[in-house]
Amino acid sequence: MITLYGFGPLFGLPDPSPFVLKTEIQLNLAEIPFGKARCRPADAPKGKIPYIEDEGEKIADSTFIREHIERKYGVDLDRGLTRDMRARAWAIERMLEDHLYWAILHLRWADDRNFAKGPARFFDMLPREIRETTRDAARRRALDALQGHGLGRHAKPEIEELGRRSVAALSALLGNKPYLMGPEPCGVDATAFGMIAALLTPWFESDLRRYAETHRNLVSFRDRMLAEHYPGFLQRAA
């Protein structure tokens, strides 16, 4: 059986990583049995989470995990989509993962208050003598990654403005449909849920979160996906 490695419930979410949420829902959509376990990024292939272990084979990165399960288990998460729809789904995924994700990363790691009640907690279980230095080093790496990506070179209001553009675009693409490509969920809906859930959690304070909350179709989409894939989680979180 497949084992999916993630962080576990945190920050008012089934998992704080939108990529773990994405992979878990894609496994659900594929109707492939799997178990879950916790791990640290340092213990993961490529130093990133999620990864899966499938009959002794370890596959890292959510995109390659999807490729693996579709190929090995004969699943097509985009079945029923036309070539044009598949192309649009890929473009949406890239907007979310290569743009909106970095705005979410910024609000969690760059804002002192959000960092203190969020990512800083990842290191609470470390021995006292190395806790602060490890925490500070991890934050520097995250901020350096933001600089390297390019988004982190902008001022906070500019980053939030760019994030708002992606949120507005996603809301327009979803429209009144239950899922991004129509009446049935496909692979990109898992990606969209991961990002929107990560942004909407009230654990973190930001103008970008409040802007996302004004898009009722995105909030409803988040709630619908939670109810379908994490029954009862909204009630427990409340």
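**Notes on the predicted model**

1. H7 has 14 residues, and its first and last C-alpha atoms lie 21 Å apart, close to the 20 Å expected at 1.5 Å a residue. Is H7 buried or exposed? Of its 14 residues, 14 are buried, so H7 is largely enclosed by the rest of the structure.

2. H7 (residues 187–200) has a packing partner in H1 (residues 18–29): the angle is about 145° and the axes are 8 Å apart. The crossing of the two helices is right-handed. On the H1 side, the contact includes Leu21 and Ile25, and on the H7 side it includes Ala190, Phe193 and Ala197. By type, the residues of this contact are nine nonpolar, four polar and one charged.

3. Together with Leu170, Phe193 touches the most other members of the largest nonpolar core, which has 66 residues. The helix giving the most to this core is H3, with 12 residues. Beyond its neighbours within four places in sequence, Phe193 is in contact with Leu21, Ile25, Phe221, Arg222, Met225, Leu226 and Tyr230. There is also a second, separate core of seven residues, among them Cys39, Ile49, Tyr51 and Ala60.

4. Next, H5 (residues 128–149). Which residues of H5 are buried? They are Arg135, Ala137, Ala138, Arg139, Ala142 and Leu146. These buried residues pack against H3 (83–109) and H4 (112–117). Just after H5 comes Gly150, with a positive phi of about 115°.

5. Now for some backbone details. Most residues other than glycine have a negative phi, and most peptide bonds are trans. Against that background, please check the bond from Ile49 to Pro50, which is cis with omega near 15°. Pro50 sits in the loop between S2 (34–38) and S3 (51–54).

6. Two glutamates are also worth a look. Glu31, in the loop between H1 and S2, has a positive phi near 55°. Glu55 also has a positive phi, of about 55°, and is found in the loop between S3 and S4 (57–60).

Terms used
Residues numbered from 1 in each chain as written. Predicted model: local features only at pLDDT ≥ 70, side-chain atom pairs only at ≥ 80, totals over all residues. Heavy atoms only, no water. Buried < 20%, exposed > 50% of the residue type's maximum accessible area, 1.4 Å probe, protein only. Helix = DSSP H or I, 4+ residues; strand = E, 2+ residues; numbered from the N terminus. Contact = heavy atoms within 4.5 Å. Core = buried A, V, L, I, M, F, W, Y, C linked by side-chain atoms within 4.5 Å. Axes fitted to C-alpha atoms, helices over the stretch in contact; angles between N-to-C directions. Left-handed = near helix turned anticlockwise from the far one by under 90°. Nonpolar A, V, L, I, M, F, W, Y, C, P; charged D, E, K, R; others polar. Expected span 1.5 Å × (residues − 1).
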